[in-house]
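Keep the structure open beside you as you read.

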Amino acid sequence: MEKHLVIVSFDAMVCEDLDLLRDGPVFSKFLNEGARVNRIRTIYPSLTYPAHTSMLTGARCGKHGIVNNEPSETGNLKCDWYWFHDKVRIPDIHDAAKKADLRTASVFWPVTGAHGSIDYLIAEYWAQGPEDTLEKAYKRAGTSDEVYDEIVKPVEKIMASWEPASSDDGKTEMACSIIRRYKPHILTLHLGQIDSFRHKNGVFNGKVAEGVMRSERYMQMIFDACRDAGILENTDFVICSDHGQINYSRRMNLNLLFVREGLIKTDEQGNITEWKAWAKSANFCAQVYLSDQAFSDRVHCILKKACEAGDLGIGRVMTAQEARTRYGLYGDFSFVLESDESTLFSSKWTEPLFSPAESVRASHGHDPAVGPQPVFLGYGPSFRSGVVLSEGEIIDEAPTYARILGLELPDAEGAPMSALLNIS
Ligand SMILES: [Zn+2]
């Protein structure tokens, strides 16, 4: 019998959220009859695009190449995100599935734009400015004419609205239409409202709880679609997430430190004319790039001094080698800064150095060990019933999917979570 796997990522869902979902008909199946990991250790930086790439490749950021949500461009505060898949350096589970001639599908999974191994694709991407349209944007990002007409068109208006809850309604509708029409062997779906509500309101509150509670309905819709497609009994389902969040009280314009030290120079309009060091924010951490390695000792000294001052928002300074050894994080940068956990880093270089958060606000990007942790729950024929592991690694997720579907992922750094599975 053909196997199917449906993976749903609820962005920024954390283990505490499961208490709110305990009584839901679908979530209770996962919690009572499925297998799960209570606390999944994510990668560093704990950002959506790097983490979702790790979730499908089984590798840490240095190896897969997506080290931030967007590339670092000195002086540019509005870089394009890593929407397109060509920047991912190693094969992911969709590549492995396609190689085995399986049907693949994905809805709004980050860094899947124009992914050559996904048959039915609606990437996380949107219209780029007033001249662009949803249709043109989606098609640039790999949605075929047929998928646009059959799957996207019925929810086109919802997807253009960008309200977090209705946008998740639209994404789930599209995933369900794909399941009913094409019966993919693997489908990955990414829903964003919990993350969005946490950013705007803080980690735990009523608005976030509302978003969490809607997860039951989305999973019910997906179960119903699998039943309609006649594949419910032979589908494995996974509920997972990419990172937690923590609250912050102020923002810090990190590159102002370099302006003050003469390492960034600006013209009268404030545009950067010359730079020796540039800090690229990853929210609660930052990656520091140098124009020339000759400035390395001087910059290291400045950063250590700022950290030791204790009140400048910098909790830790790591060399590139330390970040590589500790987190498998490497790239063209020379230092990694971790915040003091209440200061959010910005790449801006203008005064003032600090500005208070408007109200309770939360974010992520921090060390994976800090704060509430992401989840992993499996339910279906390949998952053992009633197995609960206290801890696991996000890089073990893709190898677990490979094991379920009988595929190879030779570049993965993680290993299958065999204790959760019925298959050896
Ligand atoms: Zn996220």
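## Domains

Which domains does the domain assignment of the chain give? It gives domain 1, covering 4–245 + 370–420, and domain 2, covering 247–363. Please keep in mind that this is a predicted model.

The centres of domain 1 and domain 2, taken over C-alpha atoms, are separated by 30 Å. Where the two meet, 21 residues of domain 1 are in contact with 24 residues of domain 2. On the domain 1 side of that contact, helix H4 (61–64) and helix H10 each supply at least two residues. By class, this side of domain 1 has eight nonpolar, nine polar and four charged residues.

## A pair of helices

Let us turn to H10 and its partner. Helix H9 (residues 164–182) and helix H10 (residues 193–201) have axes that come within 9 Å and cross at roughly 170°. Angles over 145 degrees count as roughly antiparallel, so H9 is roughly antiparallel to H10.

Which residues in H9 and H10 meet? From H9 come Pro164, Ala165 and Asp168, and they meet Gln193, Ser196 and Phe197 in H10. Sorted by class, the contact of H9 with H10 has three nonpolar, two polar and one charged residues.

## Helix H13 and its end

Just after H13 comes glycine 310, with a positive phi of about 85°.

## Backbone details in the loops

A cis peptide bond joins tyrosine 44 and proline 45, with omega about 0°; proline 45 sits in the loop between strand E2 (35–41) and helix H3 (48–57). Another cis peptide bond, with omega about -5°, joins glutamate 351 and proline 352. Proline 352 is in the loop between strand E14 (343–346) and strand E15 (354–363).

Positive phi values also turn up in residues other than glycine. Lysine 183, in the loop between H9 and strand E5 (186–191), has a phi near 45°. With 18 other C-beta atoms within 10 Å, lysine 183 is partly exposed. Glutamate 341 has a positive phi of about 80° and lies in the loop between strand E13 (335–339) and E14. Glutamate 341 has 16 other C-beta atoms within 10 Å, so this residue is partly exposed.

Terms used: Residues are numbered from 1 along each chain as its sequence is written. This is a predicted model: local features need pLDDT of at least 70, side-chain atom pairs count only at pLDDT 80 or more; totals for chains, interfaces and linings use all residues. Axes are lines fitted to C-alpha atoms, for helices over the stretch in contact, and angles run from 0 to 180 degrees between N-to-C directions. Helices (H or I, at least four residues) and strands (E, at least two) are DSSP runs, numbered from the N terminus. Angles under 35 degrees count as roughly parallel, over 145 as roughly antiparallel, 65 to 115 as roughly perpendicular and the rest as oblique. Two residues are in contact if their C-beta atoms, placed from the backbone, lie within 7 Å. Ala, Val, Leu, Ile, Met, Phe, Trp, Tyr, Cys and Pro count as nonpolar, Asp, Glu, Lys and Arg as charged, and the others, Gly among them, as polar. Domain bounds come from an automatic or database domain assignment. A residue is buried if 20 or more other C-beta atoms lie within 10 Å of its own, exposed if 12 or fewer, and partly exposed in between; C-beta atoms are placed from the backbone.
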